[in-house]
Structures are given as structure tokens and as C-alpha cells.
Amino acid sequence: MAKIQLNGKKVVIKTSFSIFDLLKKYKLSGKKIAIEYNGTIISKENYKKNYLKDNDKIEIVHFIGGG
Amino acid sequence: MVKLKKDIFRVAGKKLNSRLIVGTGKYKNFSETAKAVKASGADMVTVAVRRVNIFDKKKPLLTDYLNPKKIIYLPNTAGCFNSDEALRTLRLAREMGGWKLVKLEVLGDKKTLYPNMIETIKSTKTLVKEGFNVMVYCTDDPLLAKKLEDNGASAIMPLASPIGSGLGIQNKLNISLIIKQSKVPVIVDAGIGTASDATIAMELGCDGVLINSAISNSKKPILMAKAFKDAVISGRNSYLAGRMNKNNLAIPSSTNKGII
């Protein structure tokens, strides 16, 4: 188990869980989103490379209506 | 029919069919947003970058209603109050789908949403260095507008009046001065209240206008979107046609020759 901060909320995930797995869990795979992992932007090719650990901060953003 | 010279609008090498750019905020729902965008004839829309609501998997997505392959998304930095926040937002936007053409706005004051031009110029420099094409929301100060152009801005976007105020163009003289000096497109952004305001901006010689609240906050947004489409075309044609001279006294429209 690992406790991470996902979009400002505390979330508990399994160990050996990657960003790819996280996106799958929240049904966001293939969506137009961008990810920031501990303050660094992660490109799609690297979604499987990082295993999430305690206190990691993940931000998942997308486009919404705006002026 | 008179054959008119093709009047093409280009921003950062992108050819646009419409000189009206619309914002996608504050509509009742995405369906209304999509209908209004369609009625406006705009081929570019501004969008904001925000956190995904991860716990609501059924929440509709803007991209389901406005196809980013068919309409140009212009990611903005609405809500950013310093350079770091704005850069972070636009880097994320670029990651999302390769968006290089972006709209920068760095706000300085919560009440007026007036842009912080010091942070705006700083951010423009960095973004241009990183390969972005930056359309920049700014004050209507000609000197600062020039500074933005000198630093590589792809378009200058002076405010007509405060964001969402609907007060129209407050300083026509400054907007005219900016138009005269700029080699990149000048697009009036913020403060337009109604269709005639957009016509005035276009008659001054603006290359385009960006409208959100004036459409979304009207009683019938879809009809208002159409009104803006026509207003922008009218204003542009009127500018291209060149208005008559003003005279202080009357000049008869019918000749006096042959009066009985």
C-alpha cells in the first residue's frame, strides 16, 4: 500500500502501482490529459516507468470551458 | 458582383476563417457551448486547464462536445496570478496534445482582473524561448504592447475593459495606436459587452476579437453568437471599405443641379 496525493486528495493505492495503472483505475486511459508527478510533467511514454510511493503528489489535468 | 480581394486572417501561421474567437466558459452546459460555438462560426476557442474530477467518472468532457481535431483549442492561463503558475499551466497544456499556440494571461488584481504586465512580459520571453507561439492578453498601453511584440508575442490582445464587465472599448485611441504600430495581429480581448462593441473594434482595424461573457451571459447565447458573427464580419468589411469623411455641416445627397 502507498498513500499518495491525487489532485489534492489523499488516495491509497497498491504497491507497484504505476501512473499507467492509476489512469486505468480512474478510467482516464487514452483521455486528453496531462500529468504532473512531484512537480515534473511526465510524458505518455513514461507512464509505466514510475512506481508510485508514499507521499507522491500527482496532478491530473484536462481542458475545461474557459474564456 | 464586385470581386473582393481575399481577406485572410493568420495567427502564428495558422489560417483562420473567422475573425471571431470565442471563449467556452460560463455556459449552462457543454451542449449549449457547442451550439454557440457553431453559431458563432469561430474556428478557434479558448479553453482552461484544470484538475480532472477523479471521483466523478461520468462527468461530461469538453472534448466530447468540441472536437479538438475540428476546432482549434487555444489553451489559456485564466486564474494564474504569477509567471510560474502560467508557465506550469501552458507546459501541461502542451503535453496534453502538442498545443504550441497558447494564450497567456497573468492577472494582477482579483477585483479588476487587470493583467500584471511585468509578469506577463517575463512569461512571454520564457514561453517564446521554449518554442511556444504566444497570444498575449495585455493592458491597452501602446508601449507595453510594443514590448510584447519585441519579445516575440504572436498576437497582442489588449483589453477593451475589465474581463466580464461588458463595458465595451474604453480607450479607442490606445487601441488604435496599438493597431497602427503592431506587425502581429491585434485582437481585442475582454470587456466587449454586445455585438456593436465588436463592430467598433473591427472598424478601428483590429484583426479579430475574443468574446466569452457577452455571448454566454446573454439571454439567448446561441442567437447572440450569431449576432457576433455578423457584427465581426460587418465591422471588418466596414474597415476594409474605409468610412466617409466626417463633416461638421450638411452636404446634400441629391445634386442641386437642375433644381426646378
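Colleague: Let's start with Leu113(B). Is it buried, partly exposed or exposed?
Modeller: Leu113(B) has a relative accessible area of 24%, so it is partly exposed. Keep in mind that this is a predicted model.

Colleague: Where does Leu113(B) sit?
Modeller: In the loop between β6 and α4 (117-129) of chain B.

Colleague: And what is its phi?
Modeller: Positive, about 50 degrees, although Leu113(B) is not a glycine. Lys26(B) is not a glycine either, and its phi is positive at about 70 degrees.

Colleague: Where is Lys26(B)?
Modeller: In the loop between β3 and α1 of chain B. Lys26(B) has 52% relative accessibility, so it counts as exposed.

Colleague: How confident is the prediction for chain B?
Modeller: The average pLDDT of chain B is 94, and 98% of its residues score at least 70. For the model, ipTM is 0.91 and pTM is 0.91.

Colleague: New topic, aromatics. How many aromatic pairs are there over all chains?
Modeller: A search of the whole structure gives 5. Take Tyr26(A) and Phe55(B): their ring centres are 6.1 Å apart and their planes stand at 85 degrees, so that pair is edge-to-face.

Colleague: Which loops does that pair link?
Modeller: It crosses between chains. Tyr26(A) is in the loop between α1 (19-25) and β3 (34-37) of chain A. Phe55(B) is in the loop between β4 (44-51) and α2 (62-65) of chain B.

Colleague: Why is Tyr26(A) counted as buried?
Modeller: Because its relative accessibility is 8%, and the cut-off for buried is under 20%. Phe55(B), at 46%, is partly exposed.

Colleague: Give me another pair.
Modeller: Phe63(A) and Trp99(B) are also edge-to-face. The distance is 4.9 Å centre to centre, with 85 degrees between the planes. This pair crosses between chains too: Phe63(A) lies in strand β5 (residues 57-65) of chain A, and Trp99(B) in the loop between α3 (83-97) and β6 (101-104) of chain B.

Colleague: Are those two buried or exposed?
Modeller: Phe63(A) is buried, with a relative accessible area of 3%. Trp99(B) counts as buried at 11%.

Colleague: Which residues form a cluster with them?
Modeller: Phe63(A), Tyr73(B) and Trp99(B) make up one aromatic cluster.

Colleague: Which charges sit over rings?
Modeller: Lys48(A) is one, over the face of Phe20(A) at 4.4 Å from the ring centre. In chain B, the charged end of Lys110(B) sits over the ring of Phe81(B), 4.9 Å from its centre.

Colleague: On to helices. What span should α3(B) have?
Modeller: It has 15 residues, so at 1.5 Å a residue it should span 21 Å. Its end C-alpha atoms are 22 Å apart, which agrees.

Colleague: What happens at its two ends?
Modeller: At the start, a side-chain oxygen of Asn82(B) comes within 3.1 Å of the backbone nitrogen of Asp84(B). After the helix comes Gly98(B), with a positive phi near 80 degrees.

Colleague: Which residues of α3(B) are buried?
Modeller: Among them are Ser83(B), Ala86(B), Leu87(B), Leu90(B) and Met96(B). An α-helix has 3.6 residues a turn, so residues three or four places apart point the same way.

Colleague: And α1(B), how does it start?
Modeller: A side-chain oxygen of Asn29(B) reaches to within 3.2 Å of the backbone nitrogen of Ser31(B). Just after α1(B), Gly41(B) has a positive phi of about 75 degrees.

Colleague: What covers the buried residues of α1(B)?
Modeller: The cover includes β3 (20-23), β4, α2, α8 (213-216) and α9 (221-241) of chain B. The buried residues include Glu32(B), Thr33(B) and Val37(B).

Colleague: What does Thr24(B) touch?
Modeller: Its contacts include Thr33(B) and Val37(B), and in chain A Ile64(A), Gly65(A), Gly66(A) and Gly67(A). Thr24(B) counts as buried at 3% relative accessibility. A polar atom of its side chain lies 2.7 Å from the backbone oxygen of Thr46(B).

Colleague: Last one, His62(A). Where is it?
Modeller: In strand β5 of chain A. His62(A) is buried, with a relative accessible area of 12%. Its contacts include Lys32(A) and Ile33(A), plus Arg50(B), Leu61(B) and Met96(B).

Methods:
Residues numbered from 1 in each chain as written. Chains lettered and ligands numbered in written order. Heavy atoms only, no water. Phe/Tyr/Trp six-rings, centres within 6.5 Å; stacked < 30°, edge-to-face > 60°. Helix = DSSP H or I, 4+ residues; strand = E, 2+ residues; numbered from the N terminus. Buried < 20%, exposed > 50% of the residue type's maximum accessible area, 1.4 Å probe, protein only. Lys NZ or Arg CZ within 6 Å of the ring centre and 35° of its normal. Expected span 1.5 Å × (residues − 1). Polar contact = N/O pair within 3.5 Å; in protein donor to acceptor, adjacent residues only side chain to side chain. pLDDT = per-residue confidence, 0-100. Contact = heavy atoms within 4.5 Å.
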